Amino acid sequence: MDSSPELQRFLQEEKQKAMIAEMVGKLTSECWDKCITSTPGSKFSSSESTCLANCAQRYLDMTMLIQKKFQSMQQ
Amino acid sequence: MDSSMSPSSSSGSSSRPCPEAMMERLKSQLEVAYAEEFLQNVEKKCYLKCITKPGTSMSGSDSSCISRCVDRYIEATGIVSRALFRNPH
């Protein structure tokens, strides 16, 4: 009853969600610094919004690269 | 045999919280934690962008900058989330 499978599954899900929320938070913070260089306006310029999207996707590419490199280093 | 030792039947079920109630409580605590962390980020970024020359009071342009900044930061969070989860990697 203390460690019901529902509870375990719930905790796993919430842990995943927390990791995702943390990644989005950190990435938004970093990409904001990189991309929003002037005083915030009433909307983003297209270069600002493109920069934010690119920033996030390049971060993903980078984590893949680093993972691959790490794996090859361990062989 | 001592009747004062036996638990009253009406409160027997309150000794252990049921999983659903625990999950609900955890969920709402997590929501609060996410919101607090988000707020802290927004405060930091918008202070940096908008309060560049602190005066003796908040000027109108400072407060409208902050308002726009909050909107933009929320928008930026959406852009980053969509870019991360649209990605087919």
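**View 1. Helix H2 of chain B, from end to end.** H2(B) has 27 residues and spans 39 Å from its first C-alpha to its last, close to the 39 Å expected at 1.5 Å a residue. The expected span is 1.5 Å times one less than the number of residues in the helix. Helices here are DSSP runs (H or I, at least four residues), numbered from the N terminus. This is a predicted model: local features need pLDDT of at least 70, side-chain atom pairs count only at pLDDT 80 or more, and totals for chains, interfaces and linings use all residues. Residues are numbered from 1 along each chain as its sequence is written, chains are lettered from A and ligands numbered from 1 in the order in which they are written, and side-chain values use heavy atoms, with hydrogens and water left out.

The buried residues of H2(B) include Asp62(B), Cys65(B), Arg72(B), Gly78(B) and Ile79(B). Buried means under 20% relative accessible area, exposed means over 50%, and partly exposed lies in between (1.4 Å probe, protein chains only). Against what do the buried residues of H2(B) pack? They pack against H1 and H2 of chain A, together with H1 of chain B.

**View 2. The two helices of chain A.** H1(A) has 31 residues and reaches 44 Å from its first C-alpha to its last, close to the 45 Å expected at 1.5 Å a residue. Its buried residues include Leu7(A), Phe10(A), Glu14(A) and Cys35(A). Among the elements covering them are H2 of chain A and both H1 and H2 of chain B. H2(A) has 28 residues and reaches 40 Å from its first C-alpha to its last, close to the 40 Å expected at 1.5 Å a residue. Buried in H2(A) are Glu48(A), Leu52(A), Cys55(A), Ala56(A) and Leu60(A). Their cover includes H1 of chain A and H2 of chain B.

**View 3. The largest nonpolar core.** A nonpolar core is a set of buried Ala, Val, Leu, Ile, Met, Phe, Trp, Tyr and Cys residues joined through side-chain atoms within 4.5 Å. The largest one here has 23 residues. Leu27(A), Trp32(A), Ile36(A), Phe44(A), Leu52(A), Ala56(A) and Leu84(B) have the most contacts inside it. Four helices each supply at least two residues of this core: H1 (5-35) and H2 (46-73) of chain A, and H1 (19-50) and H2 (60-86) of chain B. Which helix gives the largest share of this core? H2(B) does, with eight residues. In soluble globular proteins, nonpolar side chains tend to be buried together.

View 4. Val80(B) is found in helix H2 of chain B. Its relative accessible area is 0%, so Val80(B) is buried. Contact means heavy atoms within 4.5 Å. Leaving aside neighbours within four places in sequence, Val80(B) is in contact with Val24(A), Leu27(A), Thr28(A), Leu52(A) and Ala56(A). Ala56(A) lies in helix H2 of chain A. Ala56(A) counts as buried because its relative accessibility is 0%. Not counting residues up to four places away in sequence, Ala56(A) touches Leu27(A), Cys31(A), Val80(B), Ala83(B) and Leu84(B).

View 5. Rings of Phe, Tyr and Trp (its six-membered ring) pair if their centres lie within 6.5 Å; planes under 30 degrees apart count as stacked, over 60 as edge-to-face and the rest as tilted. The structure holds three aromatic pairs over all chains. Phe38(B) and Tyr73(B) have ring centres 5.9 Å apart and planes at 55°, so this pair is tilted. Phe38(B) is in helix H1 of chain B and Tyr73(B) in helix H2 of chain B, 35 residues apart. Is each of these two residues buried or partly exposed? Phe38(B) is partly exposed because its relative accessibility is 29%. Tyr73(B) is buried, at 1%. Trp32(A), Phe44(A), Phe38(B) and Tyr73(B) form one aromatic cluster. The charged end of Arg72(B) sits over the ring of Phe44(A), 5.6 Å from its centre. Such a charge is NZ of Lys or CZ of Arg within 6 Å of the ring centre and within 35 degrees of the ring normal.

**View 6. Where chain A meets chain B.** The contact takes 36 residues from chain A and 27 residues from chain B. The two chains bury about 2900 Å² between them, 72% of it on carbon and sulfur atoms. Buried area is the accessible area (1.4 Å probe) that two parts lose on being put together, summed over both. Phe10(A), Trp32(A) and Pro40(A) supply 20% of the area that chain A buries against chain B, more than any other three residues. Trp32(A) touches residues of chain B including Lys45(B), Lys49(B), Cys69(B) and Ala76(B).
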